[in-house]
Amino acid sequence: MAVNLVNTKISTQVLHFKPGGSPVSFEVSVVNESNQFASFQLEIIAAGGSSIGSNWYNISPAVSAKNPPGDTTKFYITITDTPVAGFIGKMNLIVRIFSLELRDEDRQLLRLVVEAGTSSVPMRVELPVREFSTQPQTLIEIPVLVLNPSQISTSVSLRFCGLKPQWLVDGGERLLQVPPGAKVETSFLCQLPAAEEVPSQAYPFTIEATHLNGLPSRSPEGLIKVLPGGFINFQCIPEKQRIPVSRPWLPQWRTNSAIYHLECQNFSNLSQQIQVEVSKGEEEQPKCFLDIQPEIIDINPGETKHSQLLVSKRRRWFGLAQKFSFIVKAFASDSRLNINNENQFLKLTIHPIIHPWLQLILGILLLRILWMVSWLNPANPLFGHHSSVTSVQFNGVGDRAISGSQDQSIIRWNIAGFTNPLINQQHGKIAKNLGKAIRVVRYKPVNNDVVAAGLENGEIQLWSVLSGTKKSIATFTLNKSDRVLALEFSPDSRFLFSGHGSGSVLQWDANNALLENAPIITKPIKSQDVKFSVYGLALVGQDRQNLVVGGRYNNLAVWNLTQNKLWKIPYNPPGSQNDYIVSLDSAEYRPNLLATSDNNGQITLWNMQSCLNNQKAQCQVLDKWSDGHGGKAVRSVAISNNGCYLASGGDDNRVMLWPLTKEGRRALPNGIQVHSASQRFNSVDIKVVKDKILIISGNDNTEVMVDIRDLDKNSYCKIQ
């Protein structure tokens with residue numbers, strides 16, 4: 001006769017349960033009748049029908065500990081729901097107790113009386129598929145399963161929650177009749193819109209069920225993952241240009257540029273950065289200046305953004321038309337997206353200044369006139385720059401000046417030549433054909449015998465001009481792709497500071513470079529990353545140990561060189577990615593006086609003393625105005641050495657002189673116009689020499705101009 005190793009006793013033989021009411025419990029005691037340690041488990045099987053789930057009862061503990069022979073284990077069972085949905089009456093429950101160690105089991109029978117339940121039983125809503133990964137414009141069928149655990153037939157209202165209503169093809173509501181204990185399946189159709197209207201991300205949703213016979217319920221959360229899709233459309237308008245646009249008989253010698261409009265349309269569901277690059281065609285072509293503004297375009301889904309390509313080339317007076325071709329290419333930051341028309345082939349025809357029939361009639365006479373003009377007019381472009389002048393500066397005594405240009409040359413000028421036609425104003429080209437356009441030039445303050453030039457290719461070249469010699473001394477370079485946009489020597493000429501398009505501000509040992517005649521220097525003394533493109537530098541403070549840095553996003557910062565600390569200065573108005581502080585300057589004898597200008601036309605005068613002594617203090621704004629250049633960008637400001645005069649030049653094609661009070665404010669609200677031209681001024685400098693005010697300027701017309709004014713007529717502040 002077999003020995004039963006598992007002895008089970010159940011606390012009751014009959015249980016009454018009402019669905020929707022309170023749970024009912026019973027107890028099971030298990031005795032280990034074996035001669036070894038053993039653990040026990042328990043399960044309940046509902047006879048007479050299939051269960052709607054396995055969560056209609058709870059057992060504690062789920063598995064007993066290993067008990068010695070003769071020991072008793074107690075299990076507590078709580079019935080929380082009916083085993084068979086919609087059932088009313090009596091059913092048998094089999095309580096199965098088993099042990100894996102003993103490989104034996106015992107079964108007990110329990111009668112469960114299921115009474116008519118309450119009406120507040122919630123529906124069960126399930127999502128057979130909870131996650132969908134799909135492309136935009138896809139039709140998705142989302143199945144939904146509704147289970148009725150109650151004992152009466154129920155009308156259930158389903159509502160789709162979480163997605164935009166217009167995405168649901170047949171609406172977001174369903175009405176179902178669900179019999180007791182039954183499962184009913186339905187579905188919702190979701191039509192995703194075009195890519196630009198549905199960003200690539202996960203969209204959660206749930207299904208909410210309500211009915212009159214019970215509490216509302218909600219399904220588990222589902223997800224619709226929208227994958228990247230769509231494309232970027234790139235277009236250049238027009239594809240063909242010519243300079244000038246029309247061909248009048250009269251010469252148009254000042255028209256040297258053409259603008260192509262670049263358009264990006266984001267038909268995708270990803271925010272993108274579009275970078276535009278331009279290159280010349282395969283055939284050999286003369287050099288011309290190409291400038292894309294902005295080079296990087298931030299564009300969101302559904303947006304259309306524009307930039308422009310400026311092509312400028314100094315036109316020939318005589319000859320045949322020149323033909324150029326360019327390839328403009330767009331790159332998306334996300335390689336998963338395609339760009340339609342990513343390569344645009346552009347053509348440009350540049351006609352000579354003199355119309356062909358005028359060339360035939362006046363050719364010989366015009367050559368004679370040009371030859372004569374070259375001797376009578378010292379500012380003739382034949383002896384000057386051949387492209388936009390980007391930077392100018394006086395030397396320490398004001399008898400010489402230097403200029404840098406996009407034509408890759410540096411010229412030293414004799415100031416007397418601007419006022420006396422018999423004296424050639426050009427003192428000689430210091431350098432030419434440097435390989436890249438020059439953005440900024442600066443004299444070394446001590447002896448003025450060295451000129452520093454910052455180039456588009458990231459190089460800073462030092463050139464000797466001692467006794468008329470023209471020789472390259474040294475080159476500073478850290479990153480050849482990082483444009484040099486600003487330079488500043490320390491007053492003692494020991495150090496040279498450079499500001500770059502990447503946001504780097506570098507301090508170089510200029511003194512050792514000059515002494516050792518080092519060809520290439522790649523390691524700066526100190527560096528700071530100010531996190532914005534740097535367009536202006538100025539040393540301020542009595543000890544000149546604070547470098548003010550200005551640039552993109554209207555950012556203004558101070559780098560304390562002694563403590564090697566950097567902090568921001570609040571600037572009003574704050575700027576976006578298209579706003580720039582483009583110029584800074586301080587006064588030699590009033591080092592706390594700082595002038596700034598931005599591309600929105602604002603000029604600001606600052607007293608830096610308070611914020612240099614206390615980094616938490618606000619810098620004092622002495623004066624600011626935005627109407628000096630008609631609200632257009634002010635490209636350059638310069639303060640005289642005594643701090644009594646301010647010069648400015650900008651996109652309104654004018655150079656202005658602003659007499660200042662001894663407190664550092666404007667003495668005249670409207671200023672004094674010094675020069676006007678047909679194109680913008682990029683750089684100005686000012687110098688007070690004896691009883692004269694000297695103002696030098698350079699513009700996109702390739703001109704370097706000097707204006708001399710009497711000091712007596714403009715003395716509004718005490719000369720320091």
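**Reading strands, disulfides and confidence**

Author: Strand 45 and strand 46 (residues 593–598) are antiparallel partners, joined by five bridges. A strand here is a DSSP run of E with at least two residues, a helix is a run of H or I with at least four, and both are numbered from the N terminus. Two strands pair if DSSP finds at least two bridges between them. Residues are numbered from 1 along each chain as its sequence is written, and side-chain values use heavy atoms, with hydrogens and water left out. The model is predicted, so local features need pLDDT of at least 70 and side-chain atom pairs count only at pLDDT 80 or more, while totals for chains, interfaces and linings use all residues.

Reader: Which residue is the bridge partner of Asp 585 in strand 46?

Author: The partner of Asp 585 is Ala 595.

Reader: In what order do the four strands of this open sheet stand?

Author: The order is 45-46-47-48, and the pairing is antiparallel. Strand 45 (581–586) and strand 48 (620–625) are at the edges with a single partner strand each, so one side of each has no neighbour in the sheet. On average, neighbouring strands of this sheet are turned by 20 degrees against each other, direction ignored. The axes behind that angle are lines fitted to C-alpha atoms (for helices over the stretch in contact), with angles from 0 to 180 degrees between N-to-C directions.

Reader: Where do side chains point in a regular strand?

Author: They alternate between the two faces of the sheet.

Reader: What does the UniProt annotation "repeat: WD" cover?

Author: According to the unreviewed UniProt entry, it covers residues 382–415, 477–518 and 634–658. Positions are in the numbering used here, feature names are shortened, and annotations may be inferred rather than shown by experiment. Over residues 634–658, the model is 0% helix and 68% strand, with the end C-alpha atoms 13 Å apart.

Reader: What do strand 7 and strand 8 form?

Author: They form a hairpin with four residues between them, and Arg 103 in the turn has a positive phi of about 55 degrees. Strand 7 (residues 89–99) and strand 8 (residues 104–114) run antiparallel and are joined by 11 bridges. Val 95 faces Gln 108 in strand 8. Strand 7 is also joined by six bridges to strand 4 (residues 41–46), again antiparallel. Leu 42 has Ile 97 of strand 7 as its bridge partner.

Reader: How many disulfides does the structure hold?

Author: The structure holds two; a disulfide is a pair of cysteine sulfur atoms within 2.5 Å. One joins Cys 611 to Cys 619, S to S 2.0 Å. The torsion about its S-S bond is about 100 degrees, which means that this disulfide is right-handed. Buried means under 20% relative accessible area, exposed over 50%, and partly exposed in between (1.4 Å probe, protein chains only). Cys 611 is buried at 1%, and Cys 619 is buried at 10%.

Reader: Which parts does the disulfide of Cys 644 and Cys 717 tie together?

Author: In this disulfide the sulfur atoms are 1.8 Å apart. Cys 644 lies in the loop between strand 49 (634–639) and strand 50 (645–650), and Cys 717 in the segment after strand 55 (704–710), so the pair ties together parts 73 residues apart in sequence. Cys 644 and Cys 717 are both buried. Counting bonded cysteines along the chain, the pattern is 1-2, 3-4. Cys 264, by contrast, is in no disulfide, and the nearest cysteine sulfur, that of Cys 236, is 8.5 Å away. Cys 264 is buried, at 1% relative accessible area.

Reader: Where in the chain is confidence lowest, and where highest?

Author: It is read from pLDDT, the predictor's confidence in each residue, from 0 to 100. The lowest mean, 59, belongs to helix 1 (residues 356–376), and the highest, 97, to strand 49. The chain has a mean pLDDT of 84, with 88% of its residues at 70 or more. Residues 374–379 stay under 50, and the model has nine contacts for them beyond four places in sequence, a contact being heavy atoms within 4.5 Å.
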